[in-house]
Structures are given as structure tokens and as C-alpha cells.
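I opened my notebook to look into one structure. I wanted to follow a few helices, a core and some backbone angles.

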Amino acid sequence: MTGDDLRINPSILAADFVNMQAELGRIANADFVHVDVMDNHFVPNLTFGPQMVERIQATSPVPLDVHLMITDPDRWAPGYAEIGAASVTFHLEAATDPVALARRLRQIGARAGVAVKPDTPVEGLFDVLDEFDQILVMTVEPGFGGQSFRADQMPKLARLSQEARRRGSRVWLQVDGGIGEATIAEAADSGADTFVAGSAVFGADDPSRAIESLRSVAGSHRH
């Protein structure tokens with residue numbers, strides 16, 4: 001698989017919030033910008049709300065990949081699609097009716113994603129893969145940036161990838177947490193095609209070059 005078939009989505013959790021517009025300009029070669037919405041309920045941290053996401057949407061040179069780490073996404077997730085986010089991912093553990101919510105997000109016009117925490121099995125998603133455009137396998141516990149990559153999540157990702165291939169599903173498989181040049185190869189080998197990277201991009205002297213380097217490494221490990 002080539003670099004054209006995978007996506008690098010820098011996480012603005014690692015960006016300089018005071019200079020957000022300039023930071024977004026530094027990643028114009030990314031595929032999406034990953035926006036972590038945390039409510040201090042579902043996870044023990046608080047980040048952006050709809051108004052901030054709407055401002056990011058208005059200034060970003062690339063589409064938004066919104067990751068909702070919030071309670072009651074059935075109520076709140078559609079609003080992020082209405083803002084214009086290209087992709088809205090909610091947590092399986094938080095949704096009352098994941099399939100109905102995914103259908104609602106698609107109806108509004110966003111790609112529908114579902115995320116799973118490290119301790120959540122993925123087998124329950126096998127029969128409904130095509131209800132989602134993206135499945136996010138968390139490679140850290142959600143809630144904080146800068147955590148170390150959990151290699152113990154790779155077998156879960158590989159099972160998901162194998163099942164998607166078996167069923168002919170076109171669902172994107174995303175990983176988020178501790179992704180950098182040292183770990184992206186392992187994630188790609190295990191079946192990921194969409195990669196969230198925070199400090200590996202925004203902590204680099206040249207974020208644009210870091211994106212291309214990550215893309216190259218991942219592309220050489222995709223099958």
C-alpha cells in the first residue's frame with residue numbers, strides 16, 4: 001500500500017493553543033486535523049467545545065477529524081457534524097445506540113467514526129463494520145496527550161483489520177496514542193491506515209516534514 005492510501009492526522013492537543021491559526025498553517029499537508037473534545041466527565045480532562053471547534057473549522061486548511069471523548073454523544077455528536085466537521089468519532093463505551101448515531105452523522109454529511117478504549121473488545125463491531133466510516137483503536141487510555149504507545153493493542157487492531165478484509169469492508173482503521181516514527185510502523189503492520197500524531201508532528205522543528213516522514217514510514221509497512 002502506498003502513502004496515498006493512508007492518512008496522517010496531527011492532533012492539535014499538542015499544538016500551541018495561543019497561536020492556533022499559525023499552527024494549523026504548519027500542517028497544511030496533513031490529511032485531517034485531529035481535534036480532541038474532552039468533557040471532564042468521560043475522561044478526566046477538559047479541552048474544546050463546539051464554539052472552539054467551529055473556529056478551528058473556519059480557519060483550518062485541512063478537514064476536521066473530531067474525536068469526542070464525552071458522555072452522551074447521542075445528544076452532542078450531531079452538533080459537531082452540523083458545524084461542518086468532515087469526520088466525527090464518538091466512543092462505543094459512551095453511546096446508547098452506536099449504529100443509530102452513526103447513521104445520523106452520515107445523514108448530516110459527516111463521516112461516522114467509533115472509538116474503543118484499550119480494555120474494550122472489538123468483536124462486537126464485526127457485524128456492523130459498514131455502519132461506520134472509521135474505527136479508532138486507542139493505543140493509550142483516552143484523556144491525556146503524551147502517553148506511551150501500548151503495543152498490547154496491536155493484536156486487537158490486527159483482528160479488526162483481518163475481519164474488515166474478510167468482509168470486504170472499506171472502513172478506515174485509525175490509531176491514536178503515542179504514534180511517532182518508532183511506533184507507526186508497528187501500527188501499519190497491524191492494519192492501521194489512519195494515524196493520529198501529536199508531539200511527533202507539533203514537537204518537530206518542521207511539522208510539515210514530520211508529516212511526510214511519518215507518511216513514508218507508514219506507507220512502507222502497509223500491505
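Is Asp72 buried or partly exposed, and what is its relative accessible area? I noted first that the model is predicted. Then I looked up the value: Asp72 is partly exposed, with a relative accessible area of 35%.

**Entry: two positive phi values**

I placed Asp72 in the loop between β3 and α3. Its phi is positive, about 55 degrees, although Asp72 is not a glycine. I wrote a reminder beside that: most residues other than glycine have a negative phi. Asn40 sits in the loop between β2 and α2. Asn40 is partly exposed, and I found a relative accessible area of 47%.

**Entry: helix α3 and its cover**

I moved on to α3, residues 73-83. Which residues of α3 are buried? I listed Pro73, Ala77, Pro78, Tyr80, Ala81 and Ile83. Next I checked what covers them. The cover includes the strands β2 (33-38), β3 (64-69) and β4 (87-91), as well as the helices α2 (50-59) and α4. After α3 comes Gly84, with a positive phi near 120 degrees.

**Entry: α3 against α4**

At what angle do α3 and α4 pack? I read about 20 degrees, with the axes 9 Å apart; α4 covers residues 98-108. Angles under 35 degrees count as roughly parallel, so α3 is roughly parallel to α4. The crossing of α3 past α4 is right-handed.

I then wrote down who meets whom. From α3 come Pro73, Asp74, Ala77, Pro78, Ala81 and Glu82. From α4 come Leu101, Arg104, Leu105 and Ile108. I sorted the residues of this contact: seven are nonpolar, three are charged and none is polar.

**Entry: the cores**

How many residues does the largest nonpolar core have? I found 61. The residues with the most contacts inside this core are Ile12, Val35, Val66, Val88 and Phe195. Another core, of five residues, lies apart from it, and I noted Met38, Phe42, Val43 and Ala94 among them.

Key. Residues are numbered from 1 along each chain as its sequence is written. This is a predicted model: local features need pLDDT of at least 70, side-chain atom pairs count only at pLDDT 80 or more; totals for chains, interfaces and linings use all residues. Side-chain values use heavy atoms; hydrogens and water are left out. Axes are lines fitted to C-alpha atoms, for helices over the stretch in contact, and angles run from 0 to 180 degrees between N-to-C directions. Helices (H or I, at least four residues) and strands (E, at least two) are DSSP runs, numbered from the N terminus. Angles under 35 degrees count as roughly parallel, over 145 as roughly antiparallel, 65 to 115 as roughly perpendicular and the rest as oblique. A crossing is left-handed if the near helix is turned anticlockwise from the far one by less than a right angle, and right-handed if clockwise. Contact means heavy atoms within 4.5 Å. Ala, Val, Leu, Ile, Met, Phe, Trp, Tyr, Cys and Pro count as nonpolar, Asp, Glu, Lys and Arg as charged, and the others, Gly among them, as polar. A nonpolar core is a set of buried Ala, Val, Leu, Ile, Met, Phe, Trp, Tyr and Cys residues joined through side-chain atoms within 4.5 Å. Buried means under 20% relative accessible area, exposed over 50%, partly exposed in between (1.4 Å probe, protein chains only).
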